[in-house]
Amino acid sequence: MTHAPATAGVPMRWVGPVRISGNTATTETHVPLATYESPLWPSVGRGAKVSMLCEQGIVATLVDERMTRSVLLEATDAQTALTAARSIDEHLEDLRAVVHGCSRFAELVGVRHEINANLLFVRFEFTTGDAAGHNMATLAGDALLLHLLRTVPGISYGSISGNYCTDKKATAINGILGRGKNVVTELLVPREVVTGVLRTTAAKIVRLNIHKNMLGTLLAGGIRSANAHFANMLLGFYLATGQDAANIVEGSQGTVMAEDRDGDLYFACTLPNLIVGTVGNGKGLAFVETNLARLGCRADREPGENARRLAVIAAATVLCGELSLLAAQTNPGELMRAHLHLERGRPAREADAAT
């Protein structure tokens, strides 16, 4: 007996609009967030309101993009592994031809390797068009692995994945080299908007970012990360747009920068591991199709452009929520008042932090 797949219903709302500019998209759009944490909607909404009060809005710069798959090879000894690694480097064009033979959209853009004892870890890096690229990278990695086993002497199969990728795990290598889309978002908030909408000052946010995000994360042993809650916005956005939600593990690695510029606030979020796609698994559901179309990510564009647009919208959404939460946390009691009012229905004793 076969059963139709069930669907888990997660509450979703559109918040915004958010103003975005930069090297990938210039737009004003509402954004969908699917979450059980209801205060997230008005909190992101407040950050979005701030973006609309800034001339350029959130300036989103897509720095790089690459999906990775690492394969594991076993050599007879370390010298053989080194010889194999050098051979791989010398035959990069041959490897690119192998990838072209198994995929219409995957392009091999880089190869990195590391030797540990007699083991050779090879990290292949691909662009993958509008797909997030997990399966595409694995398919290409499998073809490359078979090619290496046929053409490079002294090595044998270890695994199609050697955990040097690294997929759905918080690691230093992803934070350093990037996996998925690397996006930087920046917002310059005028002093009057900081005080009037965020109800704080640039100096307070800068101080909290240093003490909480940077020092607090350092003391806790965080890996290539200094932020308050990137994962909250990413999960809500991922569920609403048909992404693999487990990718928030590496996606939430990122940093916040805040500067007091004579009372104006410079606020930036860097996300080196933003893994999103507009085609592939999860995109066939009706609500996902509707959401992607509303975000302008179903237009007839060159391969990869819709996914890049989605990435910068996701990154801008992260900034909105991060800015709003940090602003609330500069004021004693404000965060909890908002949660009690929005989640438990208690009357707010004063205006919500999130509205």
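How much space lies in the largest pocket? About 410 Å³ lies there, where a pocket is, on a 1 Å grid over the protein atoms alone, an open set of points where a 1.4 Å probe fits, with protein on both sides within 12 Å along at least five of seven lines, and the volume is the space filled by probe spheres set on the points. This is a predicted model, in which local features need pLDDT of at least 70 and side-chain atom pairs count only at pLDDT 80 or more, while totals for chains, interfaces and linings use all residues. Residues are numbered from 1 along each chain as its sequence is written, and side-chain values use heavy atoms, with hydrogens and water left out.

The largest pocket is lined by 22 residues, a lining residue being one with an atom within 4 Å of a point. Ala131, Gly133, Val279, Gly280 and Asn281 are the lining residues nearest the centre of this pocket.

Two helices can be set side by side; helices are DSSP runs of H or I with at least four residues, numbered from the N terminus, and the expected span is 1.5 Å times one less than the number of residues.

In H11, 22 of the 25 residues are buried, that is, under 20% relative accessible area, whereas exposed means over 50% and partly exposed lies in between (1.4 Å probe, protein chains only). The buried residues of H1 include Leu40, Trp41 and Val44.

Arg112 is found in strand E4 (residues 107-116), a strand being a DSSP run of E with at least two residues. Because its relative accessible area is 36%, Arg112 is partly exposed. Leaving aside residues up to four places away in sequence, Arg112 touches Phe121, Val122, Arg123, Glu125 and Leu177, where contact means heavy atoms within 4.5 Å. The side chains of Arg112 and Glu125 are joined by a polar contact of 2.8 Å, meaning a pair of N or O atoms within 3.5 Å, one able to donate a hydrogen and the other to accept it.

The backbone also deserves a look. A cis peptide bond joins Gly16 and Pro17, with omega about 10 degrees, and Pro17 has its place in strand E1 (residues 12-22). Another cis peptide bond, with omega about 0 degrees, joins Cys165 and Thr166. Arg224, although not a glycine, has a positive phi of about 50 degrees, and this residue counts as partly exposed because its relative accessibility is 45%.
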